[in-house]
Amino acid sequence: MRAVLCLAAVAVAFAAADTYVVVLALPDMMAGVGLSIEELQRAAPLISGFLLGYVAVLPLIGRLADLLGHLPVLVGGLVVFAFGSFLTALSWDLSAMVVGRFFQGLGGGALVPATLALVAALYPAERRGVPLGLVSAVQELGSVLGPLVGAAVLAVADWRAIFVLNLVVGLVLAVAIRGLGRSDAARGRPRRPDVIALLLLLVAGAAFVLLAIEPTALVQDLTWGALYVPAAGATRWLTPLGLVTIIATVGFLVKCGLRPGVRRVLGRIVAEVDLLGALLLSFALAGVILAFATADPEVAVFSEQGTWYLVAGGLALLGFVFHLRRAQDPIVPRGAFARTPAWGSVLISFFVGAALVAALIDVPLFARTTIYGDSQLKAALVLLEFLIALPVGAVAGGFLTRRLPAGVIAGGGMLLAAVAFVLMARWDADALRSLSATVVLVAGGLGFGLALAPVNAAILATTEQSMHGLTTSFTVVARMVGMLVGISALTTIGLRSYYAAQADLPSLSSVCTGGGMCEDYQDLLIGAAIAQEHTVFAGAAVCAGIAALLSMLLLRGAPTRALSPSATVTAL
C-alpha cells in the first residue's frame, strides 16, 4: 500500500502541475477556440469551470472515499481527469473546452483528500507528520514543475499536446494504482471484458475525434460531408457525428451501470450517501466560487451577477443547515467537527489560501512592474524562489510535527510568512535586484510550507477514521475558497490604492515638457503600481497573521506528536 501512496502522491503533483500549465497556455488555448487576448473575460469560464469541478463536489467525493475506499476514488479521479484532458485536447469551441476543464477539476480534486485519508489509514497519528509533509511537498512541487513542463511542451508542440500528455499519464497512473491495490486473489482471477461496452466506447471516441479535427477530405466529400451538417442550428453536437458521440457515450454509461459490481456500488451510494445534502452543499459552494471567479477586481470584489450567485449560494447553505438538523444520516455527520482542532484546521486553511494567493499572483506582477517589463517568463522565475522553498518547508514541517505541537509549527510558519509579506510591502523599484529579496521570498515559501503538514495532521488526529476523506476535503475546499476570496478582495483593495496614488500624480504636461510619455512620468506611474502591490502584500500579511494566531489558539489540543507530555511522564 505504501507503493500506492507514492503513486497517489505523484498523481497529486501531476494534477497540481496541470493548474499552472494551463495558466501559461491560456492565451494559446483562447486562440484555439477563436478568442483573442482582448476577450480574456470571455475565457473566465475556463478557470471557473475547473474550480467548480475541483471544489463544489469535493465533500461528496470525500464521503465516497470513506464509503467505497480510497483506491477506487484515486483510480476514478485519474480516469475522470484523463477524460477531461481528452475533451479539452479536442475542444473546438469554448463550451466544449469548459466541459473538459470541469472534468479535469473534478478528477484532480478527488486525488487530494483520498491521498491524505490514505496516509491516515497507513500511519498512526503520531507518525503521520512526515508522510503528510511529503504529500504536501510533492503537491507544491507540482506548482514549480507546471510552468517548466508547460514551457517545454509549448516550445516544441501545440497547446493540445499538454492535454494529450495529461491523458496518457493519467491513464498510466490509474492502471498502476489499480494493479498495485488489487489483492493477490483478485490479480489471479480472470476477468471477462465487456465487449459491448468497449465497442460503444470506441465508437464514441472515434466519432468525437472525427468531430473535433474535421478532416478536410472527409468534410468536403459529397457523401461523407453530410456527417458534419447540423440537423438544426450551428452546433456540432447536432451533426450526425455529434449525435453518434452522444448516443454511444450514453449507451456505454448505461451498459457499465448494468454490471453487477457497478449496480452494487450505485446501490450503496443511493442507500448510504446523503445525496440531497451533497447537492445543497455543492450549490452553496458553487455560488461562492462563481461569485468571486466572475468578479472584475477593477470594479468590485464580486460582480453584479456575482451578487445573485452569492444569494443563491446563501439560500442553498440555509437549506443545507436545515437539512442537517433533520436528516438521519447527513453527509456531514453530527460531531464530525466537534473538536476544536478539527474545525480550526478548516478555518486556518481559508486564511492560508487567502494569503498564499497574493504571493502566487502579485510577486510576478511586482517583478513585471519594476524590472522585467513585458517578460512574463523572467517574472515567473522570480516566483520560483518562493515555490522551491515551499515544498522544503512542507517536509520540514512534517518532521517537526513528530516532536512539536501542531499549533506551534503552523503558527510559527505563518508568522514567518506574515513577516515576509511585511517586508515585501516595503520593497522599492530596485528591491528584486538585491539578495535580500531572495531571502524574503525563500522565508515566505518556507513559512507556508511549514504550516501545511501540521494543519492536515491536526484534522486527521481529531476526526474519526471513517470520516477522514470527508473532513480533509473541507480543508482543501477552505483553502481554494480562501484563494478565490483573497485574490478578489486584495486585488480590489490594491487597485483602489493604485487609483488613489494615480489621482495624486501631477499632470502629464507639467512633468513632460517635450510632449509624449517621458521617463519621469513613467517612473511616477510605476510608483503608483508599486503602491498597489504594497497594499496587496500588507493585506496578505494580515491574513497570514490571522492564520498564525488561529493556529496557536485552535490547534493546541491536537494529538499529533510521537510523544505527548503526558506520555513522557508515564514512561518515566
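Helix axes here are lines fitted to C-alpha atoms over the stretch in contact, and angles run from 0 to 180 degrees between N-to-C directions. Helices are DSSP runs (H or I, at least four residues), numbered from the N terminus. This is a predicted model: local features need pLDDT of at least 70, side-chain atom pairs count only at pLDDT 80 or more, and totals for chains, interfaces and linings use all residues. Residues are numbered from 1 along each chain as its sequence is written, and side-chain values use heavy atoms, without hydrogens and water.

| Helix pair | Angle | Axis distance |
|---|---|---|
| H2 (residues 44–56) and H5 (residues 94–122) | about 35° | 6 Å |
| H3 (residues 58–68) and H4 (residues 70–89) | about 135° | 6 Å |

Contact means heavy atoms within 4.5 Å. H3 supplies Ile61, Leu64, Ala65 and Leu68; H4 supplies His70, Pro72 and Val73.

H2 contributes Pro45, Leu46 and Phe50, among others, to its contact with H5. Residues from H5 include Met97, Arg101 and Phe102.

A nonpolar core joins buried Ala, Val, Leu, Ile, Met, Phe, Trp, Tyr and Cys residues through side-chain atoms within 4.5 Å; buried means under 20% relative accessible area (1.4 Å probe, protein chains only). The largest core has 127 residues. Phe386, Met414, Phe421, Trp427 and Phe448 touch the most other members. Helix H15 (residues 340–372) gives the largest share, 16 residues. A second, separate core of 17 residues includes Met29, Leu94, Met97 and Ile162.

Key
Helices (H or I, at least four residues) and strands (E, at least two) are DSSP runs, numbered from the N terminus. Buried means under 20% relative accessible area, exposed over 50%, partly exposed in between (1.4 Å probe, protein chains only).
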